[in-house]
Amino acid sequence: MTDKPIDELRVEDQLRWSKQILEVNRERLLEFNFEEEQFTELIDALTEAKVLSSFNQKAIKGIPVVSDKVEKLHECLPKKGWVNFKKAREILYKQFPVLAEEQVWNESKIDAFDRLPVLNVKYLEADGATSAISPVDGEISEDEETQDVDGMFSTKSKSRDSNGASAAEEMKEPIKRPDFNALPAYSMNARKKKGFCLIVNNEDYTSARGNNHALKDRKGSTVDAQATAKLFKSLGFDVEPQSNLTKTNLDSVLNMIVNDFPALDEYNCFVAVFLSHGENEALNCVDGRDKKIDDIINQFKGDSCKALRGIPKWFIIQACRGKSFNTEVLIDHDAKGDDNDVEQQSSKPISIPACADFYISYATAPGYYSFRNINQGSWFISDLCSIISEYSLTEDVNTMMTRVNKEVALGRVVAGDGGFRKQMPCHVNMLTKALYLGCARCSKI
């Protein structure tokens with residue numbers, strides 16, 4: 001437990017506090033008899049105070065059921081930072097004195113043993129997989145807030161909600177928009193259909209264990225599969241869900257898409273989401289056999305898949321990439337970037353490499369575990385869905401994934417033997433244009 005006031009803590013610890021306070025009081029707010037008009041007034045007041053954005057305001061007001069509006073508010077608030085959380089609490093107390101009397105959203109409601117510790121060391125040692133943690137993909141149960149790695153284990157932690165309540169909106173400065181004279185966007189209307197999204201959800205590893213592979217079932221993965229399906233459907237994509245594929249099944253599905261799917265050349269974008277155990281740059285299929293990620297991607301390169309040549313291809317991979325834990329490191333300030341990079345331009349037609357137009361998003365950096373909440377889904381996928389839902393109308397994929405990086409890196413943590421475990425998503429960008437998923441700028445070529 002920390003003796004420091006929350007205002008003096010690091011930003012990421014403040015975010016964890018606000019999330020924890022909201023979580024403790026979630027049921028009380030859901031039970032509270034909010035009238036539609038009263039809750040609308042609350043949302044308007046939060047927007048006027050600049051706690052919520054106009055986008056948040058519109059999204060919440062568009063939800064028909066009041067209890068679902070409350071859930072959405074709970075999803076939005078932790079992203080706003082501790083100062084805005086306190087503003088929101090003042091507004092809530094002013095409009096609903098009963099909740100003020102009950103001290104809803106007050107840090108004193110959290111028992112001492114639940115409070116987050118303040119770390120006073122500069123580096124935390126990583127001690128690999130231990131008995132305190134369970135291998136392969138990082139799971140977390142809600143009751144004990146236990147996280148499990150898309151690799152191996154379970155331990156005490158501080159979990160967050162499935163919609164990715166976190167640190168992204170701590171970025172106060174607006175992100176620069178691309179110069180479209182220099183960097184055009186992929187067209188989302190050049191072909192007949194918006195996009196195609198394949199979702200492979202490997203959750204049941206019973207047959208792998210029957211083949212003497214120590215792979216646990218990936219509890220909570222269905223939450224990720226449903227969230228990504230809902231997201232891409234909302235963006236106008238055709239979605240093809242596949243569950244619990246053996247290596248042979250996975251090969252068949254991929255071969256069918258590349259070689260025997262005549263409508264593939266009607267899509268402006270291709271997305272493939274893999275939710276699986278993994279290690280050493282390979283996915284663990286449900287029969288225990290591995291499928292190399294490079295082998296999957298190679299099938300969709302321009303020299304192998306003519307239908308997607310010049311079309312953006314985004315691979316999203318929620319899987320472990322090794323058996324190391326990413327530890328927490330304390331920093332004093334952000335490193336300054338160089339704003340003077342200039343890309344050489346050419347008006348002449350050019351040929352492109354076969355591996356062009358790919359964007360590959362990994363849940364974690366090479367060699368490390370990734371984490372998944374067994375009730376709420378994985379850290380990476382829940383934050384990815386939350387960010388894209390909020391920013392797809394104004395930002396390109398690369399910018400949104402930088403937000404996801406910050407969400408996961410600052411807003412997520414699990415406690416383990418020897419210190420805190422963190423996670424850092426990793427992206428490989430081979431796009432030649434900006435990729436927008438949900439706005440008019442998609443049509444600019």
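Me: In this predicted model, which residue in β9 stands opposite Asn284?
Reply: Asp290 stands across from Asn284.

Me: How do you know that β8 and β9 count as paired?
Reply: Pairing takes at least two bridges between two strands. Strand β8 (residues 282-284) is joined to β9 by three bridges, so the pair qualifies. The two run antiparallel.

Me: What makes β7 and β9 edge strands?
Reply: The order in this open three-stranded sheet is β7-β8-β9, with antiparallel pairing. β7 (277-279) and β9 (290-292) each pair on one side only, which puts them at the edges. From one strand to the next, the twist averages 30 degrees.

Me: OK, on to the six-stranded open sheet. What is the strand order there, and what kind of pairing?
Reply: The order goes β5-β4-β6-β10-β12-β17, and the pairing is mixed.

Me: Why is one side of β5 and of β17 left without a neighbour in the sheet?
Reply: Because β5 (237-243) and β17 (426-429) stand at the edges, each with a single partner strand. Neighbouring strands here are turned by 10 degrees against each other on average, ignoring direction.

Me: How do you know that β12 and β17 are partners?
Reply: The cut-off is at least two bridges; β12 (residues 358-362) and β17 have four, in the antiparallel sense, so they pair. Within this pair, Ile360 stands opposite Val428 in β17.

Me: Which strands does helix α8 touch?
Reply: Helix α8 (residues 221-234) packs on the sheet against β4 (195-201), β5, β6 (270-275) and β10 (313-318). Its direction makes about 175 degrees with that of β4.

Conventions
Residues are numbered from 1 along each chain as its sequence is written. This is a predicted model: local features need pLDDT of at least 70, side-chain atom pairs count only at pLDDT 80 or more; totals for chains, interfaces and linings use all residues. Side-chain values use heavy atoms; hydrogens and water are left out. Axes are lines fitted to C-alpha atoms, for helices over the stretch in contact, and angles run from 0 to 180 degrees between N-to-C directions. Contact means heavy atoms within 4.5 Å.
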